[in-house]
Amino acid sequence: MGALSKKMLLGSAMALAVVAGSAGALMAQDKPVIATVVKISGIPWFDRMETGVTQFQKDNPDVVATQYGPATADAAQQLQIVNDLVAKGVNGLAVVPMDPSVLEGTLKRAMDRGVIVVTHEADNQKNTHADVEAFDNADYGRALNERLAECMGGKGKWTTFVGSVGSRTHMQWVGAGEENAKKHPDMVLVDKNNESFDDANGTYEKAKEILRKHPDIKGFQTSAGNDVLGVGRAIDEAGLSGKVCLVGTGLPNPSADLLESGAITAIGFWDPQKAGMAMNSVAKSLIAGKKIEDGADLGVPGYEKVKVVKGPGEGVLIIGNGMVIADKANYKEYLF
Amino acid sequence: MRTTGGQLFMLVVINAALLAVGAMISGGTYLSPFNLQSMAGQLPEIGFLAIGVMLAMCAGNGGIDLSGIALANLSGVASAIIVGSFLSSTDNETAFSIAFIAVALLTGLIGGTFNGLLISRLNITPILCTLGTQMLFTGIAVVLSDGRAVAVGSPELLSQIGNGLFLGVPISFLIFVSAAGLIAALLKFTPFGLWLMLMGTNPKAATFAGFPKARVLIATYATSGLLAGLAGVIIAARNVNVKWDYGTSYLLIAILIAVMAGVRPEGGYGRVICVVMATIALQLMSSLLNFGGLSNFVRDFAWGALLLTFLAVGRYNLVGLLTPNKSRKLV
């Protein structure tokens, strides 16, 4: 190291000490700060959630609510954001974990610092005060199936798609669907639990196979977000739009064309906007020292009468009724 | 060899500037002991990987180690599964911790040696070899863990490494600084260090001078692997659980840090202190942007701008132009 850089090193160290000394006092924060941390920024789902956070901020001027998210889908990056926000001194965190298990250590450190932690889409998260879920998985699966049965007139062959048989929520959805279909003895389940791996192209190929194997099939119930697109395309190309029913999880914008053509009967989803508002609402109540009781109203549509049960850790599991089943007639209300 | 006191000088200035800016925009919170601890606790995992990349780059002949984070994850996953199968992290806290660390480091060492053997004995280009082993390590971790996160738990010793403080400094940061110091000493005072740098400067001359080339290469990549193992231990200690796909973004960031630190991609030059300073600079900047509430895409942009600035500084000796009494000619 040259003499000059040594001098500079010393100089900057001294400058630093001065800065540190002068800025010693922490800025007093009068309003509670709630930071929403999503899995990844810049994708439609979480852009939609951000509109909810912005809305919550507008409705609640007595808190500061903002949304953060990593630029890449990597748990490590999300974790750094959470760490920095805790260090910055937020009062509440509303996190949609990229990977609940990897975030446990960080969330525990946050809770130890007295930060209120609320999570979403993580009903297995141990280190959280409250996990907010949009709906009960069984209710959702049942609702999808009921919509399918209505379209099928309660009879005919039908099948199910899941992202993978290892996906817990998807299996819960189709499981509840199967239960529900027992109410309609004329509905016959064939070749169930096809794996789509959330790949629209692969699903398209598989749906074509099923249409060939069972020319008289009447219904599809799908689970992963891209399944409706793949199956819908297969139905559309086979000229069966409107004759074969398709109900599954999907997003309004990508599904718009197929909903219009009638290839997709209805899509089910929950609105990330409302979920974002619900998380912030729970965080605000918890920061104020209130408890969320069973049947409480979070003041967000779909979360007016939430079910509260014990979570896997110390915290609670808050389940709303925020499911949306949209069809050709009303999907335009939810463009995202 | 060129002198690049200028690089270190730049890095120190940038670090000081970032701290000053942070203090300004946050009204002091940025310099609060808790945030300094939080930042110091965050940077070791990527710092270890960056030093590994630096070592590989110094070896010349297109040396690079892309398998770092994959090997770190494999170390954590393999160790958690192997040690977890005969020890419980709640009953034998110390024994579990020590065994976990030992197996993780050993896994890293074996993985790194494997890289070194492939590169030196089979003459595979490092970028292709480590790209291949990166997939191999990731694949093994997926198969071992079934693609799921593996619980390590927080036994006393490991939890201390991940969350503990010594005299107000995070223990993980102290481990990082000591390991960096050891590597720096290794490069400066041992024949290995001299061989590595000279070999990177001119591989042909090294061959004719009768350097033990293969052994130096193996030792280099083995050290890099060992550092990846260490990163795996820190990750496990901080996160309680380990998963095969953790930190996929670290791969490029580690290379970015090495280049920012003035490590010559053609080989033959690199200083550990600069890598440590560059790691700190990146951490300061990313925390600063989070403090400012800016989008994380701005961070990528800022890193890119910083990297280009550093390349320009290295190329055109800007520091020399600014400080006339120091305008030594850079080669």
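Author: In this predicted model, helix H5 (residues 93-121) of chain B packs against helix H11 (residues 213-239) of chain B at an angle of about 150°, and their axes are 6 Å apart. That angle makes H5(B) roughly antiparallel to H11(B), since angles over 145 degrees are counted in that way. The crossing in which H5(B) passes H11(B) is right-handed.

Helix H3 (residues 44-58) of chain B and helix H4 (residues 68-86) of chain B pack at an angle of about 130°, with 10 Å between their axes. H3(B) and H4(B) are therefore oblique to each other. Their crossing is right-handed. The loop between H3 and H4 of chain B contains Asn61(B). Asn61(B) has a phi near 55°, which is a positive value in a residue other than glycine. With 16 other C-beta atoms within 10 Å, Asn61(B) is partly exposed. Leu167(B) also has a positive phi, near 55°, and is a residue other than glycine. Leu167(B) is found in the loop between strand S2 (165-166) and strand S3 (169-170) of chain B. Leu167(B) is exposed, with 5 other C-beta atoms within 10 Å.

Chain A may be taken next. It has 10 helices and 14 strands, and 51% of its 336 residues count as buried. Taken along the principal axes, the C-alpha atoms of chain A fill a box of roughly 85 × 55 × 35 Å. The domain assignment of this chain gives domain 1 (33-134 + 272-320) and domain 2 (137-269). Taken over C-alpha atoms, the centres of domain 1 of chain A and domain 2 of chain A are separated by 31 Å.

S3(A) pairs with strand S1 (residues 33-37) of chain A in the parallel sense, over 4 bridges. Within that pairing, Gly92(A) in S3(A) is the bridge partner of Ile34(A). S3(A) also runs parallel to strand S4 (residues 116-120) of chain A, to which 4 bridges join it. Here Leu93(A) stands opposite Val117(A) in S4(A).

Lys155(A) stands opposite Asp186(A) in S7(A). The chain passes from S6(A) through helix H6 (residues 168-181) of chain A to S7(A), and this β-α-β crossover is right-handed.

One contact in chain A remains to be described. Ala138(A) is found in helix H5 (residues 137-152) of chain A. Ala138(A) is 35 residues from Trp173(A) in sequence, yet the two are 5.8 Å apart in space, C-alpha to C-alpha. Ala138(A) is partly exposed, with 15 other C-beta atoms within 10 Å.

Conventions: Residues are numbered from 1 along each chain as its sequence is written. Chains are lettered from A and ligands numbered from 1 in the order in which they are written. This is a predicted model: local features need pLDDT of at least 70, side-chain atom pairs count only at pLDDT 80 or more; totals for chains, interfaces and linings use all residues. Two strands pair if DSSP finds at least two bridges between them. Helices (H or I, at least four residues) and strands (E, at least two) are DSSP runs, numbered from the N terminus. Domain bounds come from an automatic or database domain assignment. Axes are lines fitted to C-alpha atoms, for helices over the stretch in contact, and angles run from 0 to 180 degrees between N-to-C directions. Angles under 35 degrees count as roughly parallel, over 145 as roughly antiparallel, 65 to 115 as roughly perpendicular and the rest as oblique. A crossing is left-handed if the near helix is turned anticlockwise from the far one by less than a right angle, and right-handed if clockwise. A residue is buried if 20 or more other C-beta atoms lie within 10 Å of its own, exposed if 12 or fewer, and partly exposed in between; C-beta atoms are placed from the backbone. A crossover is right-handed if, with the strands pointing away from the viewer, the path from the first strand over the helix to the second runs clockwise.
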